[in-house]
Amino acid sequence: MSPERFARINEMLDNRQPDLTVILDQVHKTNNIAAVLRSADAVGVHQLHAVWPENDMRVSGNTASGSQQWVKTKRHPTVTDAIAALKAEGMQVVVTNFSSKAKDFREIDYTRPTAIVLGHEKFGVSDEALALADAEVIIPMVGMVQSLNVSVAGALVLFEAERQRRHAGMYGSRKLPEDYCQQLLFEQGHPIYAKACRRKGLAYPAIDESGQIQASDEWWQKMREADPESPRPERGRQRRM
């Protein structure tokens with residue numbers, strides 16, 4: 001791993017906000033999912049939560065421009081389950097919704113542990129999410145259109161959260177578990193070795209302060225050995241001289 005990449009990954013880890021997240025409540029268009037994921041990565045969201053409308057939906061690497069490598073996506077069977085899990089972690093739940101009781105999105109205190117719920121492109125957030133929300137927010141608009149694309153609305157709310165948190169000094173100090181940081185540094189800094197470890201069933205080694213692998217001689221020996229499941233090359237016929 002180059003020193004530049006090592007420094008970049010560490011800077012990212014130092015700015016991750018594990019107590020700020022997004023719940024996708026039936027958002028189904030891949031371009032919107034990808035855009036939300038990229039915005040989440042940009043402001044330091046560590047993990048995104050999703051309730052997919054279809055069982056086989058997932059985040060595509062092509063549409064997310066690699067953001068899915070850095071922001072984990074946790075799937076939930078229902079939005080009720082997702083909200084219950086995050087409330088159990090002490091998060092306030094904020095939903096974007098056009099209603100008479102919705103507040104300006106800038107009036108919410110996002111320095112608190114917060115989960116932002118973004119709803120279906122056509123129907124908005126579900127009734128279940130609204131019933132469980134701690135606050136509803138709107139983005140004030142003075143034009144004829146009363147709503148924004150879900151990914152645009154999500155980006156505005158996320159960057160307001162980032163602004164408040166940066167002003168409060170919440171960036172720049174690592175909050176993620178060290179074992180997770182070590183795992184990410186190895187997988188993203190030494191991807192070939194990481195794949196080999198998974199094939200061979202080897203534990204990941206430690207990464208030192210310069211980004212290099214710290215492993216025993218036994219680990220290196222096993223890394224050099226042929227994979228046990230690799231097929232042996234077929235013996236060809238000897239050529240006549």
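Strand S1, residues 20-25, is joined to S6 by 6 bridges, and the two run parallel. Within that pairing, Asp25 has Gly119 of S6 as its bridge partner. This is a predicted model, so read everything I say that way.

S6 also pairs with strand S4, residues 92-96, again in the parallel sense, over 4 bridges. There, Val93 is partnered with Ala115 in S6.

How many residues of strand S6 are buried? 6 of the 6, across residues 114-119, so the strand is largely enclosed by the rest of the structure. Thr114, Ile116 and Leu118 point one way, Ala115, Val117 and Gly119 point the other way, and all are buried.

Now the whole sheet. It is open, with 7 strands in the order S3-S2-S1-S6-S4-S7-S5, and the pairing is parallel. The edges are S3, 72-75, and S5, 103-104; each has a single partner strand, so one side of each lacks a neighbour in the sheet.

Further along that order, S4 pairs with strand S7, residues 135-138, over 3 bridges in the parallel sense. Thr96 stands opposite Val137 in S7.

Next, the helices. H6 packs on the sheet and touches S1, S4 and S6, with its direction at about 165° to that of S6. Helix H4, residues 79-88, lies across S1, S2, S4 and S6, running at about 170° to S1.

Last, the surface. Val152 lies in H6, residues 150-167, and is partly exposed, with a relative accessible area of 40%. Together with Met141, Met144, Val145, Leu148 and Leu156, Val152 forms a nonpolar surface patch of about 560 Å² accessible area.

Definitions and conventions. Residues numbered from 1 in each chain as written. Predicted model: local features only at pLDDT ≥ 70, side-chain atom pairs only at ≥ 80, totals over all residues. Heavy atoms only, no water. Patch = residues over 30% accessible without salt bridge, like charges linked within 9 Å, V, L, I, M, F, W, Y side chains within 5 Å. Areas by Shrake-Rupley, 256 points an atom, 1.4 Å probe, with all protein chains shown as cover. Salt bridge = Lys/Arg side-chain N within 4 Å of Asp/Glu carboxyl O. Buried < 20%, exposed > 50% of the residue type's maximum accessible area, 1.4 Å probe, protein only. Pairing = 2+ DSSP bridges. Contact = heavy atoms within 4.5 Å. Axes fitted to C-alpha atoms, helices over the stretch in contact; angles between N-to-C directions.
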